[in-house]
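Have the model open beside the sequence.

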Amino acid sequence: MSLILLLTQQMSLYLVMVYLVSKTPLFKFFAEAATRLPHKIFIYLIFSGFCIMATYFGEQTNDAIANTRAMGAVLGGLLGGPVTGFLVGLTGGLHRYSMGGFTDLACAISTTLEGFSAGIVSLYLRRQDKSELIYAPLLVCLVTFCAEMLQMGVILLVAQPFADAWELVKQIALPMLLVNSIGAALFMSMVRDQKTMFDKLSSAFSTQALKIAERSVGVLSKGFNQKSSTQVAQIIIEETHVGAVAITDREHLLAFIGTGADHHIPGTPISSKITQDAIDNNCVMFADGVNMAYSCSISPQCRLGSSLVIPLRSENEVIGTIKLYEPKNKLFLNINRTLGEGIGRLLSNQILFGRFERQQSMLTQAELKLLQAQVNPHFLFNALNTIAAITKRDPLKARQLIQQLSQFLRINLKRTTGLVTLSDELEHIDSYLTIEKARFLDKLNVEIDIPERLLSFRLPAFTLQPIIENAVKHGTSNMLKQGLISVTGKIHDDLLILEVIDNAGLYKLDNNSEGLGMNLVHKRIQNQFGSEFGIDVDCRKDEYTRVCIKLPYTETHT
């Protein structure tokens with residue numbers, strides 16, 4: 001019992017030291033599964049030191065040393081792999097051999113086997129894609145227990161005389177089995193908790209991603225090119241502090257910021273195989289320099305040692321990549337990998353949104369040009385004929401009509417795809433109606449009743465004018481009696497309702513040419529405000545046609 005207490009004191013000392021180390025950045029080496037050379041060296045030094053300390057502070061028992069050396073060998077093998085485990089065990093074993101005693105050779109052999117066998121277990125779990133089990137305290141306890149059983153067996157086989165070896169094993173087996181197994185499990189429990197904390201930090205990196213999103217919003221939406229890509233790469237490297245950031249399209253490097261910028265030149269063709277694989281296979285490629293080798297395809301002197309390549313997607317098409325690098329002397333942390341993949345999705349969405357906006361703008365521009373092309377030819381022809389007819393009998397009136405026509409065309413040509421006030425829209429309509437009234441004389445009467453408080457309301461350009469033109473061209477102009485058109489506006493249930501009513505009642509739903517302007521107005525309203533808004537038409541043959549325009553009435557639209 002006293003031996004158990006003494007070994008427990010020794011184990012407790014180690015755990016206190018581990019706890020103190022866990023508060024430093026060095027502890028991340030225990031929590032990272034990717035073991036490249038700096039990592040392996042760190043693991044070797046730490047756990048070789050554990051083995052040596054355990055031997056020094058062990059308890060002399062029957063010309064042997066009861067100790068917790070197995071903790072260091074097993075943990076070194078589990079965290080560092082077979083080679084590191086073998087070297088940790090060999091170092092601890094040689095140190096024990098140098099201290100003599102009838103079990104010196106047996107302890108040297110068993111300690112080496114303990115580290116190596118734990119490394120084999122680690123390698124097996126990694127290859128089975130079960131590396132998380134390495135951090136399971138129960139499994140660590142079982143592996144250490146088996147390793148200590150192995151040590152007891154080696155002592156019985158190698159140490160001479162056998163009687164002394166058997167007596168020693170009876171005294172130290174139970175204390176060393178219990179303390180080493182429990183101590184290794186407690187150590188790994190601390191590592192696992194710290195690893196969990198590191199993994200949870202990835203959620204905190206969402207704040208970092210939001211900062212990147214905030215700083216880069218709108219940059220790529222203006223175009224996916226060298227200028228915008230360089231701006232985004234600069235933002236990312238400032239926020240993530242990785243070694244380097246690169247952005248490519250499908251064929252060329254668009255931007256490169258950070259380590260290696262002297263030979264990774266924007267504008268040059270893509271030369272990296274993993275980048276091409278990420279594009280061709282539409283998948284994330286991660287060359288950590290350990291499980292997947294990484295070497296710069298441009299310069300053998302390049303200091304970069306790992307690379308994460310994330311495809312940038314537009315719908316189902318890969319249009320480029322974003323790449324994060326770390327130098328050879330720095331681990332590529334899991335949190336940076338998670339963040340990198342999130343940045344890839346963020347930038348993909350920005351590019352997609354930019355393309356959508358440009359396509360939407362082009363569509364709206366095309367629709368507006370179509371409206372303008374529909375208005376101008378027949379209206380201009382009729383207007384010129386009307387002015388020509390009036391010129392001889394009333395030159396002053398003809399001059400006024402020319403001014404109105406000039407104003408109408410100027411407004412028509414200057415109109416954009418954006419929003420205009422209802423007042424501007426009515427001014428445009430007034431120029432149009434002045435010419436049409438001159439053409440039809442007393443056969444056309446138009447009444448406009450819209451409250452003054454609604455005149456500042458903003459609506460898409462060319463909303464009312466095509467509707468009124470349809471009422472004249474395909475309605476009242478075909479009547480023998482006087483044509484009446486009324487234009488009203490009112491607020492109802494947070495809606496602005498504009499109505500254009502004529503007394504012709506000649507609207508035909510299946511007449512595509514007649515409804516072209518109206519259909520475009522309806523579509524543009526829905527694109528701007530949503531599918532619940534737009535145009536409704538009610539027609540009673542030879543009596544009336546009522547066109548109702550529904551728009552959302554909010555403070556932002558006034």
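At what angle do helix 6 and helix 7 pack, and how far apart are their axes? This is a predicted model, so read every value as computed from it. Helix 6 spans residues 104-127 and helix 7 spans residues 137-158. They pack at an angle of about 150°, with their axes 9 Å apart. Angles over 145 degrees count as roughly antiparallel. That makes helix 6 roughly antiparallel to helix 7. The crossing is right-handed.

Now look at the side chains between these two helices. From helix 6, the contact includes Leu 105, Ile 109, Leu 113, Val 121 and Leu 125. From helix 7, the residues they meet include Leu 139, Val 143, Leu 150, Val 154 and Ile 155. The contact has 15 nonpolar residues, two polar and two charged. Glu 114 in helix 6 and Glu 148 in helix 7 are among the contact residues.

The loop between helix 7 and helix 8 (162-216) holds Pro 161. A cis peptide bond joins Gln 160 to Pro 161, with omega about 0°. Most residues other than glycine have a negative phi, and most peptide bonds are trans. A second backbone feature concerns phi. Asp 493 is not a glycine, yet its phi is positive, at about 50°. Asp 493 sits in the loop between strand 11 (483-492) and strand 12.

How closely do the axes of helix 4 and helix 5 approach, and at what angle do they cross? Helix 4 covers residues 69-80, and helix 5 covers residues 82-98. Their axes come within 6 Å and cross at roughly 160°. That makes helix 4 roughly antiparallel to helix 5. Helix 4 passes helix 5 in a right-handed crossing.

Which residues make this contact? Helix 4 brings Arg 69, Gly 72, Ala 73, Gly 76, Gly 77 and Gly 80. Helix 5 brings Pro 82, Thr 84, Gly 85, Val 88, Gly 89, Gly 92 and Arg 96. By class, three are nonpolar, eight polar and two charged.

Helix 13 (residues 422-440) and helix 14 have axes that come within 10 Å and cross at roughly 15°. Angles under 35 degrees count as roughly parallel. Helix 13 and helix 14 are therefore roughly parallel to each other. Their crossing is right-handed. In helix 13, the contact residues include His 428, Ile 429, Tyr 432, Leu 433 and Phe 440. They meet Gln 465, Ile 468, Glu 469 and Val 472 in helix 14. This contact divides into six nonpolar residues, two polar and three charged.

Rolling a probe the size of a water molecule over the atoms shows where empty space is left. How many cavities of 30 Å³ or more does a search of the whole structure find? The search finds three. The largest cavity holds about 120 Å³ of space. It is lined by 13 residues, and the closest to its centre are Asn 470, Ala 471, Asp 502, Tyr 507 and Thr 545. Helix 14 (465-473), strand 12 (495-502) and strand 14 (544-552) each supply at least two lining residues. The largest share, three residues, comes from helix 14. Seven of the lining residues are nonpolar, four are polar and two are charged.

Finish with an open space. The second largest pocket has a volume of about 280 Å³. Of its 21 lining residues, the closest to the centre are Ser 271, Ser 272, Lys 273, Ser 297 and Lys 323. Strand 4 (253-258), helix 10 (273-281) and strand 7 (317-327) each give at least two residues to this lining. The lining as a whole has eleven nonpolar residues, eight polar and two charged.

Definitions and conventions:
Residues numbered from 1 in each chain as written. Predicted model: local features only at pLDDT ≥ 70, side-chain atom pairs only at ≥ 80, totals over all residues. Heavy atoms only, no water. 1 Å grid on protein atoms, 1.4 Å probe; cavity = no way out; pocket = protein on both sides within 12 Å on 5 of 7 lines; lining within 4 Å. Points joined across faces, edges and corners; volume = space filled by probe spheres on them. Helix = DSSP H or I, 4+ residues; strand = E, 2+ residues; numbered from the N terminus. Nonpolar A, V, L, I, M, F, W, Y, C, P; charged D, E, K, R; others polar. Axes fitted to C-alpha atoms, helices over the stretch in contact; angles between N-to-C directions. Parallel < 35°, antiparallel > 145°, perpendicular 65-115°, else oblique. Left-handed = near helix turned anticlockwise from the far one by under 90°. Contact = heavy atoms within 4.5 Å.
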